[in-house]
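Colleague: I want to go through some helix packing and ligand contacts. Please set each value against its definition.

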Amino acid sequence: MSSSNVLGTGSTALVTGASRGIGALIAREIAEEGSHVVLTGRSAAELRAVASELAAAGADVSFVPADLTQPGAATSLVETVERQRGGIDLLVNNAGGDPLREFHAMTIDENLCTLQLNLVAPVALSHAVLGGMLRRGRGHIVNISAMAGRVSFPYTEVYAAAKDGVIGFTRVLRSDYRPRGVSASVLILGAIRDAGQGQRMLDESGMKASRFMAPAEAVARAVITAVKKDRAELVIMPGPGRLLRAVMDYFPGLGPAMNRAAGADTTMRKIIEMRDARENVPS
Ligand SMILES: NC(=O)c1ccc[n+]([C@@H]2O[C@H](COP(=O)([O-])OP(=O)(O)OC[C@H]3O[C@@H](n4cnc5c(N)ncnc54)[C@H](OP(=O)(O)O)[C@@H]3O)[C@@H](O)[C@H]2O)c1
């Protein structure tokens, strides 16, 4: 099945959003398996810094900068990597995020940019790598999604739509291409601490990590598990994550109630007001 030769010496992994946050840890974990890892993100300086750090620890690594919100970026990124490396065995669609501003306060183009980064780019990259993977008869695509939609996390309308879209996309992709040797997995992340957007929010607000946050390292390890064990979906959050997702689908009012009880509404409101004040955004 797909996990054979997808990781390890002689294989190539492309990790998006690898210039910082969770993606840099995913890249390190894959490199430790012996694969060559190609890092991508917009910032060449940050990619270079991560690549140097990984190389110093013995990793086989390179980087190609790309802005995945630009038309044609996914195709040309994959063409570049395939030219340089001969093929891509593992694609990790990790780049993503949310501006955490109110839906109505952003222009429709700003909202569509969130959709582009979190949904359209993973679809376009998967499409671009699939031809080569099918020709070689092996490959694995790991998509990073989020619990945001399921728990109605405040002020994430478009991000939630994109991340739920990624789950549906992965399910069908896996079902259609697994018989031909190319598999797909989706990781559904709750709030994550130690690296990435969640940790930055804590740092910004001066709050401490709650016990409901999983360490970023757990996401990196889960990518390896998803590939080696060919898992369809993994939920990364402390406690019974999969059960919580199912319960939320059954009782959709539970998410907002939990957010109110846990103080997420108030915290997010404060963060938005702090950012708006800093950027002089009219309310
Ligand atoms: N952290 C959490 O609590 C959490 C929870 C649930 C899900 N997730 C998901 O986990 C993934 C990683 O999140 P994170 O917290 O590590 O985020 P992060 O620290 O903000 O890192 C985001 C990465 O995406 C890249 N990126 C952003 N815009 C891009 C663009 N237009 N083109 C190409 N690359 C772009 C960034 O690099 P450049 O800025 O250099 O482009 C960076 O490497 C995301 O998909 C996120 O939605 C995170």
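Modeller: Handedness first: a crossing is left-handed if the near helix is turned anticlockwise from the far one by less than a right angle, and right-handed if clockwise. The crossing of H4 and H5 is right-handed. This is a predicted model: local features need pLDDT of at least 70, side-chain atom pairs count only at pLDDT 80 or more, and totals for chains, interfaces and linings use all residues. Residues are numbered from 1 along each chain as its sequence is written, and side-chain values use heavy atoms, with hydrogens and water left out.

Colleague: Why is H4 called roughly parallel to H5?

Modeller: H4 (residues 108-136) and H5 (residues 157-177) pack at about 15 degrees, axes 8 Å apart. Angles under 35 degrees count as roughly parallel, over 145 as roughly antiparallel, 65 to 115 as roughly perpendicular and the rest as oblique. So H4 is roughly parallel to H5.

Colleague: What makes the contact of H4 with H5?

Modeller: Contact means heavy atoms within 4.5 Å. Among the residues making it are Asn-111 and Leu-115 of H4, and Tyr-159 and Phe-169 of H5. By class, 13 are nonpolar, five polar and one charged.

Colleague: Which residues are closest to the ligand?

Modeller: Arg-20, Arg-42, Asn-94, Tyr-159 and Gln-197. In total, 31 residues surround the ligand, each with a heavy atom within 4 Å of it.

How values were computed
Axes are lines fitted to C-alpha atoms, for helices over the stretch in contact, and angles run from 0 to 180 degrees between N-to-C directions. Helices (H or I, at least four residues) and strands (E, at least two) are DSSP runs, numbered from the N terminus. Ala, Val, Leu, Ile, Met, Phe, Trp, Tyr, Cys and Pro count as nonpolar, Asp, Glu, Lys and Arg as charged, and the others, Gly among them, as polar.
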